[in-house]
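Me: Hi! Could you walk me through the structure below? I'd like to ask things as we go.

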Amino acid sequence: MKKTEYIFANGISDTELTPMLSQAADTLRRGGLVVFPTETVYGLGANALDPSASASIYAAKGRPSDNPLIIHIAHPSDAERYTEVTPLFNRLAERFMPGPLTVVLPAKSIIPKTVTAGLSTVAVRCPQNPIARRLIALAGVPIAAPSANLSGSPSPTCFQHVCDDMNGRVDVIIDGGECEIGLESTIVALSENGEATLLRPGRITPGELREVLPELKISSAVTEALKEGETVLSPGMKYRHYAPIAPVVLLKSEEKARQKYISEQSGKIAVLSYSEYADEYRDMPCSVDVYDLGPSCEPDVQAHRLFYLLREIDKVGYDRIFAPLPSKDGVELALYNRMIRAAAYTVIEINK
Ligand code: TXA
Ligand code: MG
C-alpha cells in the first residue's frame, strides 16, 4: 500500500495551485504515480519516458500488459519529439487540439516498450483541462496515462470515484472536480500510407473528423464484438470494459414498450432512463430504482452522466440494469460503444 496524498485543486487560485502542481510534477519525474483530471475522464499518470514508472501503471490498475498507454503532451507541437508526425496529424491538431482527441502514430525509439506494449505505434493526446496541461508542462516530460479506474470498471469522472479505485495504489490524487465530457477521448489511427481509422468514438464525432479526414474509416470494433481469432487494431477493444457488477441489458424499442417490458420483470432492478420518462418508472408497481441519464435529445448530458451513474448503481447493488440502446449518430456513437460493452453485447429488441 502506498500513502496517497491529495491535492484539492478545484476552484483554487493559480498562485495557490502552482506549488502544489510543482510537487506533483516532481513526483512524476521521480517515477511516481499521479492521478490527474482531464476534460474526458481522470488519468493515472507516470513519466512516459521512464520504463519502470510506466510499467507500474499496469500493476496499479491490474491492466493486461499488452494494452498500450496514451502519452499526454502539453502542446501539439511536442508530438514530433515522440512520434513520426504526418501532415494529417498537423491538420487534426490544428482543428481539435488541445481537446478530447487521441492520435495513433508511428513511435520514435525514445518511447519505451512498456508504453507501447511492444507495438511500433504510440497514441498521443494533448488535453484541454488546464490542470492537466500545467501538470504536464511542469513535469517537462510526456505523461503516460490510461483512465484511472481498476481495469474493467467504468472510467472515473469525479474525485470520489477515483479514490474508490486508486487509494493506496498511487502517490498523489489531484481533485479537479467533475470531468466535463465524462467519456474517454476519440481515438484515430493514422497510417504511414495516409489511411485514417476511428478506433474509439468520443465527444469529437465522425462527422467532425470527416471535415479534416474525408476518407475516415470506422473500425468494426467500434460497434461490433470481436469474432473468434480476429485481431484488433486497438488492444483495449478486446477486453470486457466499462462493466458494472450487475448485468446490463440494453432494450431496443419504443419507450412505451420498454416500460411495459421492465414492469413485467422481477428482482431488484435499476433503470437508466431519459429524463422525460423518469417519473413513469418511479410509478411502477415492481421494485425499480430509476437513474436519470439526461434528456433524450442531449447526448452530451448523457455522456457526462453515464459512467458516474454506472458506478453509483454498483454501490447500491442490483440484479439487473436496463437501459435504452442509443443510436449510432454523432456523440451517441460514443454512448453506443460504451454501453454495448457494459452490456457485454446483450440487446433485447422488443416489438410491440
Ligand atoms: O480520454 C482519454 O483518452 C483518457 C484520458 C486519461 O486521457 N485515457 C484513456 O486511456 O482512456 P485508456 O488507456 O483507458 O484507453 C486508451 C485506449 C486503449 O483502448 C488502448 O488499447 C488504446 O487506447 N491504445 C493506446 N495506444 C495504442 C496504439 N498504439 N494503437 C492502438 N490503440 C492504442
Ligand atoms: Mg480505460
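Reply: Happy to! One term before we start: buried means under 20% relative accessible area, exposed over 50%, and partly exposed in between (1.4 Å probe, protein chains only). This is a predicted model, in which local features need pLDDT of at least 70, side-chain atom pairs count only at pLDDT 80 or more, and totals for chains, interfaces and linings use all residues. Residues are numbered from 1 along each chain as its sequence is written, chains are lettered from A and ligands numbered from 1 in the order in which they are written, and side-chain values use heavy atoms, with hydrogens and water left out.

Me: Thanks. Is Lys-260 buried or exposed?
Reply: Lys-260 is exposed, because its relative accessible area is 53%.

Me: And what does its side chain meet?
Reply: The side chain of Lys-260 meets that of Glu-264 in a salt bridge, at 3.1 Å from N to O. A salt bridge here is a side-chain nitrogen of Lys or Arg within 4 Å of a carboxyl oxygen of Asp or Glu. Glu-264 counts as exposed too, at 55% relative accessibility.

Me: How many salt bridges are there in the whole structure?
Reply: A search of the whole structure finds 17. One of them joins Lys-2 and Asp-171, at 3.4 Å from N to O.

Me: Where do those two sit in the chain?
Reply: In distant parts, 169 residues apart: Lys-2 is in the segment before strand E1 (5–8), and Asp-171 is in the loop between helix H7 (159–166) and strand E8 (172–175). Helices (H or I, at least four residues) and strands (E, at least two) are DSSP runs, numbered from the N terminus.

Me: What about Glu-211 and Arg-95?
Reply: Their side chains also form a salt bridge, 2.5 Å from N to O. Glu-211 lies in the loop between helix H8 (206–210) and strand E11 (217–218) and Arg-95 in helix H4 (residues 87–96), so the pair ties together parts that are 116 residues apart in sequence. Glu-211 is exposed at 53%, while Arg-95 is partly exposed at 41%.

Me: Which residues form a network?
Reply: Salt bridges link Asp-164, Glu-312 and Lys-315 into a network.

Me: New topic: why does Asn-129 count as buried?
Reply: Because its relative accessibility is 13%. Asn-129 sits in the loop between strand E6 (121–125) and helix H6 (130–139).

Me: What does Asn-129 touch?
Reply: Leaving out residues up to four places away in sequence, Asn-129 touches Pro-37, Thr-38 and Glu-39, where contact means heavy atoms within 4.5 Å.
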